[in-house]
Amino acid sequence: MKRAQKINPLEAGMHGLFFLCGFVAVAFVLVITVYLVISGLPAIREIGPVNFLLGTTWDSKNKTNPQYGILPFILTSIYGTAGAIVVGVPIGFLTAVFLAKVAPPKVAAVIRPAVDLLAGIPSVVYGMVGMVVLLPAIRELFQLRAGDTLLAAILVLAVMILPSIISVSETALRSVPREYEEASLALGATEIETYFRVTVPAAKSGVAAAVVLGVGRAIGEAMAIMMVAGNAPNMPGLFKSVKFLTTAVASEMSYASDGTLHKMALFSIGLVLFIFIMMINVVLNAILKGEKE
Amino acid sequence: MEEANIMPQTALEVCRNEKCRGKGLSMGRKIYDRGLRGLVWLCAGLTCTLLVFLIGYIFYRGLPNLSLEFLTTQESLLKGTMGILPAIQNTLYVVGVTLVIALPLGVGAAVYLTEYASNRRLVTTIEFATETLSGIPSILYALVGYLAFSKTLGLGYSLLAASLTLAMMNLPTIIRTTQESLKTVPQGYREGALGLGSGKWHMIRTIVLPGSIDGIVTGCILSVGRIVGESAVLLYVGGMDGTMNNFFASLDKFAHSSGATLTVQLYVFAKERAMMDPAFAVAVVLLVLTFLINLAAKVVGKRLRQR
């Protein structure tokens, strides 16, 4: 008893050190939040929250009367993400059903690493292939002057969120107890009926998590869509050149000069994006927690 | 073969048995079954086609432009060479420095969470912070890295500032994988070591950490993959200088110089200079790297799990 009570300085030191390491993650989150809020608020205050969030024109190049309204960016981000989800989720989800249930094990063993590879390909590579393949195709197909459109960005995003949707939904589908399926099959349901009416409903929170994760990835992507979306601050339209919240920051960061309202407005866009992401994280955590219980 | 057909093992096998497939189903159910099955195969086919096309196209366009010279020289108008050696060096440097910073912090945090922390609320806070970090997109890291490291700490556009930012970004990956493998070390080992009179730190150093090396290595490999694929942070915090830095002359000077990594180099080639041939060659290099990293993660995970 006595010996246990004696505090070993090395042990106490290591305890403290590990505690500091553990606290670093919290410190990082605080640093990020504080920096984004402090640097993002001044421009919002100067422009006015209503003018900033609901203004429909962004004209930072105008020297005499610059306009900083980010509604086009917000709407583009929402439309683009929704589009990517509409295109990407059904394909990804059904591919996950294929990999988890329908595919012969040997086929699945070939496709799965390939999907992992898809997940690891850097986003600039997607952007470049989109530039070279997708843009001319869209231009020809729809008789446009340029292929740099919201549509191109949606397609690139849809491809980019595929791997995470596939792997998260596949894990969810696989974790459904086998007995459920056996019972359904024994009652006379066909294989496909079983998967879609028993397995999928049982795995629905996992699939929901996959969708939310896809939303998070799509709304945060910058470099790939900067290469295909055209980067003009228009209100969103499928065949218009558009700017997302992310690409607004990314494309103007390097030429906005320090200390100007323009640069501060970019930080404010970052703050708006951060708030969006935090809301998505909260939803994702709620879904995952619900699943655990 | 014969026996398997006579005595199927599971309901699934009965169902998959050709003879009873679709027997006695109503028209509606038949359409439902066939229709959905067709859709599933269609989507899987689509994904595969996409994959084969992407990889095939990149190799088709990139391989002809890839040569030993491309990998081992720097771009020079005087010598007429077109190479990406500086980008390769910068990438290696950023990967190395980021891991040196993030690895001890991440492993330490995971050890604290699984071995030391007794306060439930503190654990939830730290885990919430980790999840938040992993959900933040890289463009926001780029903004914060620019503000905190380039401006506040005065590092400017430099590889060191980029590495610090990437360390923040990769911390959650290392924490999560380490934590998962720490949990697989049997509780009995810990009790055994403590019962034999070992101190807690001694127990962690000799029993727990060696037992969870697989998770730590996997975390490292996954982080390397993320760093190699990252572009926004490297572009806006690390800069896009394509010239050669002397790697061995002075690490300190190297750290404070701006430099383009492979992804940034690709972006500069493709978007800013419209040079598609070298861009595709860089894409091939990145693709091969990604493949090797994925393979390494899988092999390490499997081998160490068996042990």
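View 1. A:Glu170, its salt-bridge partner, is buried, with a relative accessible area of 6%. The closest N and O atoms of the two are 2.9 Å apart; a salt bridge here is a side-chain nitrogen of Lys or Arg within 4 Å of a carboxyl oxygen of Asp or Glu. Both residues belong to helix α7 (residues 150-174) of chain A and lie 4 residues apart, about one turn of the helix. Helices (H or I, at least four residues) and strands (E, at least two) are DSSP runs, numbered from the N terminus.

View 2. In helix α3 of chain B, B:Asp33 and B:Arg37 are 4 residues apart, about one turn of the helix. Their salt bridge has its closest N and O atoms 4.0 Å apart, and both residues are buried. Salt bridges with shared partners link A:Glu191, B:Asp33, B:Arg34 and B:Arg37 into one network. Over all chains, the structure holds 11 salt bridges.

View 3. The side chains of B:Lys298 and A:Asp116 meet in a salt bridge (3.3 Å, N to O). B:Lys298 lies in helix α15 (residues 276-306) of chain B and A:Asp116 in helix α5 (residues 105-120) of chain A, so the pair joins two chains. B:Lys298 is partly exposed at 44% relative accessibility, and A:Asp116 is partly exposed at 32%. Across the interface, the rule finds 3 salt bridges. Chains B and A bury about 7,600 Å² between them, 78% of it on carbon and sulfur atoms; buried area is the accessible area (1.4 Å probe) that two parts lose on being put together, summed over both. The contact (heavy atoms within 4.5 Å) takes 85 residues from chain B and 84 residues from chain A.

**View 4. B:Ser231, a buried loop residue.** Look for B:Ser231 in the loop between α11 (213-229) and α12 (232-236) of chain B. B:Ser231 has a relative accessible area of 2% and is buried. Not counting residues up to four places away in sequence, B:Ser231 touches A:Ser123, A:Val124, A:Met223, B:Thr263 and B:Val264.

**View 5. B:Ser150, a buried helix residue.** B:Ser150 is found in helix α7 (residues 138-152) of chain B, and its 7% relative accessibility counts as buried. Leaving aside neighbours within four places in sequence, its contacts include B:Leu155, B:Tyr157 and B:Val237.

**View 6. B:Thr184, an exposed helix residue.** Helix α8 (residues 159-184) of chain B contains B:Thr184, which is exposed at 55% relative accessibility. A polar atom of the B:Thr184 side chain lies 2.6 Å from the backbone oxygen of B:Ser181. B:Thr184 and B:Gly215 are 31 residues apart in sequence and 9.8 Å apart in space, C-alpha to C-alpha.

**Notes for all views.** Residues are numbered from 1 along each chain as its sequence is written, while chains are lettered from A and ligands numbered from 1 in the order in which they are written. In this predicted model, local features need pLDDT of at least 70, side-chain atom pairs count only at pLDDT 80 or more, and totals for chains, interfaces and linings use all residues, while side-chain values use heavy atoms, with hydrogens and water left out.

Definitions and conventions:
Buried means under 20% relative accessible area, exposed over 50%, partly exposed in between (1.4 Å probe, protein chains only). A polar contact is a pair of N or O atoms within 3.5 Å; within protein, one must be able to donate a hydrogen and the other to accept it, and residues adjacent in sequence count only if both atoms are side-chain atoms.
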